[in-house]
Amino acid sequence: MKVDLNTKTFLFSLYVLIFTSYFSRLFPLQESEEETHLLSETAHVEDERGEEQNSEGSEVSSLSFTELDHIVNADQFQILQQGHNEDTDSDISLSGDDGSSANSNNQEDSASDHENIEVNASDPPEPFYADVFEILKKKIRSKFSEVIDTPPQISAAELLLNALTLIRTYNFNFSQFEGLMKLLNTIFKTSVVPDTRYKLDILLKSLAGMHYHFVCKYCVDYMGEFDYRSVREVVCKSCKRANSLSNLNNCLFFVMFDLPPQIEVLLSNDIILQKLKRPTELVNNEEPRILRDVYDGKMYQQFILTLDDNPNIHHISFCFGVDGVSLYTSSNTNVWPIFCCILELPPYERAHNLLLAGLWFGKEHVALDVFLKPFADHCKKLSTDGFKINLMNVEILMKGHVLCCCADAPARAGVQCIQQHGGAFSCNWCLHPSPGRLYRPLEELQRRTRAEIIADGTAALALMENVPNFHVNGVKGISPVLTLSSMDIIDGMILEYFHAAAHGVAKTFLNGWLGEDGCDQPFYIGTPTNLEKIDGLLKHIKLPVEARKPTRLLSQLGVWKGRDYENFILYLSPVLQNILPLRYLNHWNLFVQGIHLLLQQELPEINIRKAQELLQRFGRQTEQLYPERSLLYNVHIICEHLAENCDNWGPCWSINGYCFEDGNRILKNKVHANLGISSQVCRSLSFDKSCEILRAYVGTEASQKFQDDLKKKVVQSCVFIHNDRYYGAGKHKFLPSPEERFLFDKEGINVSTFEVKQRLVHEGMENLFSLKKLLLVKLNIKGFLLERKS
């Protein structure tokens, strides 16, 4: 059939009808009686116009868009179609909302329907978007368009504080921040907040406490600290080549941040200050020892003994971490931050209130011996001379001490100035020769000592001029952290459980069981049948809320992250039963049990020894059951040094890499453009500090409520009892076990009065508990709790 102009117009009209009808159903409006009457009269007038045009034989194409918009139901559209069919003799048919159809062969019935159409104001047609604008125009002519005469209830400083809180919460870039300031100024007759980049930088950006250090981009030798705004060029003393400082994008440099101002801003928060403990309050004389946090470890207890008894000096200690952050997947541009956490804070506050000590910018790999020297010098000054901070108009003298470093294997080797984990004598804690990158279990391991590290580093430096990359027992030089008297260069290196166990051992064995390299081995389970069976089991496993990450299938192993491997170790290993051969499954169970023991909330000394025995058996049997390529660095340090590390620094969860990884994520989100990365990061950090200063000085309950509302998330219903929150819908159906039934009968409790709650949060620390279900007695005994074992 030839499609003429009238047919095209008809199809276009049909499209407009469908679109507008759908839009009106998505956004129904509640009109007033006056607005409904106005719409009804308009539709009635348009119907009369349509009748006149049809009676005169006019075509559908003569209708305007406004007239088409007022055809609001299928019956009216059928009238259009009948007029169209009379002129074009087409066979197109449509169905109305009630299922009735209009056909061009039934013109008499359509004409009678046409005559009976009436628009009733009491039953108005469904309005759509064209009518919304009419209603909006009427609202504009009312009080809606009058000038707001409500006086402000907020100061300009508090308004700026709320704006900074908003941009920090939603990660605005500088242009969006500038636009927000301009919007706020349009509310008032005169500008009340800075609304240009220049004014914002003048008020909020400060280079105080930031020190720019430059490195030669040709020989990577340290050149010194310079003010790049006044010094335009520096000649390297080693290679005698000039380095331009006029454009930071082409420079190799790092920025060091003073820690005392950050500590003062952090402790200006009353909640944080109240939770900060003095080291002398953390002495643990329990026998036998039970480790509940980092304070109960041997190294921290030894640190307490070195402090003086002067009550006027407040001592705090740090754990620092260094790691690289790749900013873009298609570029080698990266930054290396140095974060510090205060050990005297509780675990949650410790992890979420990191101090930034340094930032390395550049496309080249970080030179840690250069980067760490200014950091070590700054920390040495904090521990010897101390520093003063002002809290609530009271001057306090404090001393800060670096006790340990938490980093992954490459950064750990750089901090100690030893071989990377693929070289000989590369273990951070012992002198295992590791020939060919293989760590076979040895009967006796010779531990490293501080004196040996210094002696080996001195000997290596003396011979390195003639033999490049020369090392003595794996040591290649003198580490800058050796100048810190409070830190042991050996035992002060924390074995980072996250990378070593999850990313290391678990990943190695899963790839061995499923990878193509092991297809001829008896432990291979990577057949399609086994994968389908394991994936089927994983789909039906519901992890406890502490896992905080949904289960990924083994068929998706290529995209697994650290949390996925950790969840497999702690929760999902039973899926290997009846699939992995029994002797290999029993061998894997040694590793799972050892890790589980070292992650306990309260870790007795006896469990440390038991975990060490289990992990050492796991290491010895690995040599017997698996090819020698499985005897890698991570297997060695987990089996030989993890339990000892927990004895020194508390359970594995007390200090780990999760908090520093989260700090890297926050730092990465501060970069919004390819150019001026250092300026973006430093400006954002300065704005963060300005926000905390404003909150300390001008913050009110209203600004705090605004901040809480931004962070508020919709959660399921909960019940408060004392300091605990019990989450869940509250199911009443409960079938107790015989033991539970006996306890209920003994207490005279009616099971029907129970509500089953899904999870418990105790004083904000949800991950302290592993309860699958909680039974809350609703009526009989207030606050009575019973853990149901699953």
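## Basis

In this predicted model, local features need pLDDT of at least 70 and side-chain atom pairs count only at pLDDT 80 or more, while totals for chains, interfaces and linings use all residues. Residues are numbered from 1 along each chain as its sequence is written, and side-chain values use heavy atoms, with hydrogens and water left out.

## Overall build

The protein chain has 26 helices and 22 strands. Both are DSSP runs, numbered from the N terminus: helices are H or I with at least four residues, strands are E with at least two.

Of the 790 residues, 46% count as buried (under 20% relative accessible area; exposed is over 50%, partly exposed in between; 1.4 Å probe, protein chains only). The chain exposes about 42,100 Å² (Shrake-Rupley method, 1.4 Å probe; for residues, only the protein chains shown count as cover). Carbon and sulfur atoms supply 52% of that area. Among contacts (heavy atoms within 4.5 Å) between residues at least 6 apart in sequence, 64% join residues at least 24 apart.

## Nonpolar cores

A nonpolar core is a set of buried Ala, Val, Leu, Ile, Met, Phe, Trp, Tyr and Cys residues joined through side-chain atoms within 4.5 Å. The largest has 115 residues. F320, F375, W513, W588 and F591 have the most contacts inside it. Helix α17 (residues 497–514) gives this core its largest share, 10 residues. Apart from it lies another core, of 46 residues, including C236, F257, L307 and L356.

## A surface patch

F133, L136, I140 and F144 form a nonpolar patch on the surface. Together they have about 420 Å² of accessible area. Patch residues have over 30% relative accessible area and no salt bridge; nonpolar side chains (Val, Leu, Ile, Met, Phe, Trp, Tyr) are joined within 5 Å, like charges within 9 Å. F144 sits in the loop between α6 (129–140) and α7 (156–170). F144 counts as exposed because its relative accessibility is 63%.

## Two buried residues

E344 lies in the loop between β11 (334–342) and α13 (347–352). E344 is buried yet has no salt bridge (a side-chain nitrogen of Lys or Arg within 4 Å of a carboxyl oxygen of Asp or Glu). The nearest side chain of opposite charge, R350, is 7.9 Å away (Lys and Arg count as positive, Asp and Glu as negative; His and the chain ends are not counted).

Y658 is in helix α23 (residues 658–669). Y658 counts as buried because its relative accessibility is 18%. Leaving aside neighbours within four places in sequence, Y658 is in contact with F498, R563 and E566.
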